[in-house]
Amino acid sequence: MKSKNIRNTEGVKKYAQMKSQETAQKVDQAIQRLIKTKAKINFNQVAMESGVSKAFLYNNQEIRNRIEGLRKQQEGLNSPQTIKRNMTDASKDALIAAKNNRIKKLEEENKRLKDELLKLRGMVYDKF
């Protein structure tokens, strides 16, 4: 009679798979929160937000691809600071010209209203 040392590892495998799925859910929720708050999405941020190790993120190919894809998407978007920095001289000149034009119109309106006020005061003065 041969003695067989066959170990039943099914339970351990199922537990590991379940833990992996739970961890993947944590990562998914963390990524969704980062997207909603418009935070940077990278491995460090996702690891911190989800409480999951970076090793898990790198070793799970599906999650890794998702993070890398989102990171690339964000690289294409400019932050408000970048947009402001990239304003060209021409756009600054156009903005200054528009503001100067607005100031000129307001000054003209102000002068017209002052003249009108003077006329009305004169009319009131003449009545007395």
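The expected span of a helix is 1.5 Å times one less than its number of residues. Helices here are DSSP runs of H or I with at least four residues, numbered from the N terminus. The model is a predicted one, so to speak: local features need pLDDT of at least 70, side-chain atom pairs count only at pLDDT 80 or more, and totals for chains, interfaces and linings use all residues. Residues are numbered from 1 along each chain as its sequence is written, and side-chain values use heavy atoms, with hydrogens and water left out.

Helix α4 is a handy place to start. It has 16 residues and reaches 23 Å from its first C-alpha to its last, close to the 22 Å expected at 1.5 Å a residue. Its buried residues (under 20% relative accessible area, with a 1.4 Å probe and protein chains only) are I63, I67, L70 and Q74. Seen down the axis, these residues fall within an arc of 70°, so they line one face of α4; the arc is that of the directions from the helix axis to the C-beta atoms. On the other side of α4 sit E62, K72, Q73, E75 and G76, which are exposed, a word that stands for over 50% relative accessible area. The buried residues of α4 pack against α1, α2 and α3, where contact means heavy atoms within 4.5 Å. At the start of α4, a side-chain oxygen of N60 comes to within 3.2 Å of the backbone nitrogen of E62.

Helix α2 can be read in much the same manner. F43, V46, A47 and S50 are its buried residues. They cover an arc of only 100° around the axis, which puts them on the same side of α2. Their packing partners are α1, α3 and α4. At the start of this helix, a side-chain oxygen of N42 reaches to within 3.2 Å of the backbone nitrogen of N44. N44 and K54 are 10 residues apart in sequence, yet 7.0 Å apart in space, C-alpha to C-alpha.

Next comes the nonpolar core, meaning a set of buried Ala, Val, Leu, Ile, Met, Phe, Trp, Tyr and Cys residues joined through side-chain atoms within 4.5 Å. The largest one has 14 residues, and V27, V46, L57 and I67 touch the most other members. Each of α1, α2, α3 and α4 supplies at least two residues of this core. Leaving aside residues up to four places away in sequence, I67 touches I31, I41, N42, F43, V46 and L57.

As for aromatic rings, those of Phe, Tyr and Trp (its six-membered ring) pair if their centres lie within 6.5 Å; planes under 30 degrees apart count as stacked, over 60 as edge-to-face and the rest as tilted. The count comes to 1 aromatic pair. It is made by F43 and Y58, stacked at 4.1 Å centre to centre with 15° between the planes. The pair links distant parts of the chain, with F43 in α2 and Y58 in α3, 15 residues apart. F43 is buried at 3% relative accessible area, whereas Y58 is partly exposed at 34%.

Most residues other than glycine have a negative phi. K38, in the loop between α1 and α2, has a positive phi near 55° and is exposed, at 74% relative accessibility. Just after α2, G51 takes a positive phi of about 75°.

Technical notes. Polar contact = N/O pair within 3.5 Å; in protein donor to acceptor, adjacent residues only side chain to side chain.
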